[in-house]
Amino acid sequence: MIVKSVQEMKGAIFTSLRDREIVTIFPTEIARRYWINRFVMEEREGVVRLDSTLAWDAFKGKFLPKQSEIPANNLIRELFVLQFLRDEAACRPLKWFWYRDYPEERENLASAIRLLISSLKELENVENLPGDYRHDAELIKGHYTQFLQERGLYDPLFLAPSLENFSETQQRYRLFFPEVCRGWCEFSQMENFPPFLETVTVEEGQRPSLELFSNELMEVREKLNTIKNLVEEGIDYSEIVISAGDLERVKPYLEHEATLRGIPLTVVKGDSPLHY
């Protein structure tokens, strides 16, 4: 089933929550609670059975091999990342996830490393990763695996789903927005896809475009002209941010071209933007 608008999406979710023969699955626990609360507040009946909804992780877990250890979740992963980044000896070999000029800012990499951990299994099949990135991924995975073993934990993200592991009474399940569920690609390619699961997706919108420039100077000029037009339309300079992957390389072009156009620049580097 494909929904084409917000109103259709709400209608499909409410219809599913009303159906006592269906277990409704949401991408996250937060999404599950949001839609339950909204349904209870807006519907006349205002009642949802506790066992009639699931978050994606809980549903996917029914298809994973049974483990004696305790499963890790996002909180456990975040605690590991913070502990890892505070261990200078453990971090020293990092090549990609590292601020060479500002090592004291390494804790700012927490969100990026947490996302890496969630993607480790998927990265195993990626061939063209930069060498430094793959080095750090293997290093972090080693530390994370040791962290889990020392605490009697396991990470469900590292296990492969299979219909053979599903031991509950089969009933109808309806999954909303599988396209944003982590691990859905692997799940959907199971040898025996569960016949009792149906999905509801959002109609695909316009894809983002990627602009290519012959060189950095042309890109800088084009973007500064765009900024000048935005300001002329009433946008304040304080609402515009330029992000550069290699500031030292682009900075001379930026400063020169901005001066020619009368565009003021405030360069932020090293510290959090909130510091300024």
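Mentor: Let us begin with V250, which counts as buried because its relative accessibility is 15%; buried means under 20% relative accessible area, exposed over 50% and partly exposed in between, with a 1.4 Å probe and protein chains only. Please note that this is a predicted model, in which local features need pLDDT of at least 70 and side-chain atom pairs count only at pLDDT 80 or more, while totals for chains, interfaces and linings use all residues. Residues are numbered from 1 along each chain as its sequence is written, and side-chain values use heavy atoms, with hydrogens and water left out.

Trainee: Which helix is V250 found in?

Mentor: V250 is found in helix α10; helices (H or I, at least four residues) and strands (E, at least two) are DSSP runs, numbered from the N terminus. V250 and L217 are 33 residues apart in sequence, and their C-alpha atoms are 8.2 Å apart in space.

Trainee: What are the buried residues of α10, and what covers them?

Mentor: The buried residues are L247, V250, L254, E257, A258 and R261. What covers them includes α9 (216-232), where contact means heavy atoms within 4.5 Å.

Trainee: What span should α10 have?

Mentor: Helix α10 (residues 247-261) has 15 residues and should span 21 Å at 1.5 Å a residue, which agrees with its end C-alpha atoms being 20 Å apart. The expected span is 1.5 Å times one less than the number of residues. Just after α10, G262 takes a positive phi of about 70°.

Trainee: Where does F177 lie, and is it buried or exposed?

Mentor: F177 lies in the loop between β6 (172-176) and α8, and at 11% relative accessibility it counts as buried. F177 is not a glycine, yet it has a positive phi of about 60°. Most residues other than glycine have a negative phi.

Trainee: Changing topic, at what angle do α6 and α7 pack?

Mentor: Helix α6 (residues 110-123) and helix α7 (residues 131-150) pack at about 100°, with their axes 10 Å apart. Axes are lines fitted to C-alpha atoms, for helices over the stretch in contact, and angles run from 0 to 180 degrees between N-to-C directions. The two helices, α6 and α7, are therefore roughly perpendicular to each other (under 35 degrees counts as roughly parallel, over 145 as roughly antiparallel, 65 to 115 as roughly perpendicular and the rest as oblique).

Trainee: Which residues meet there, in α6 and α7?

Mentor: I113, L116, I117, L120 and L123 in α6 meet residues of α7 including Y133, A137 and Y144.

Trainee: Where are F59 and F187 in the chain?

Mentor: F59 is in helix α3 (residues 56-61) and F187 in helix α8 (residues 184-188), 128 residues apart, and the pair links distant parts of the chain. Both F59 and F187 are buried.
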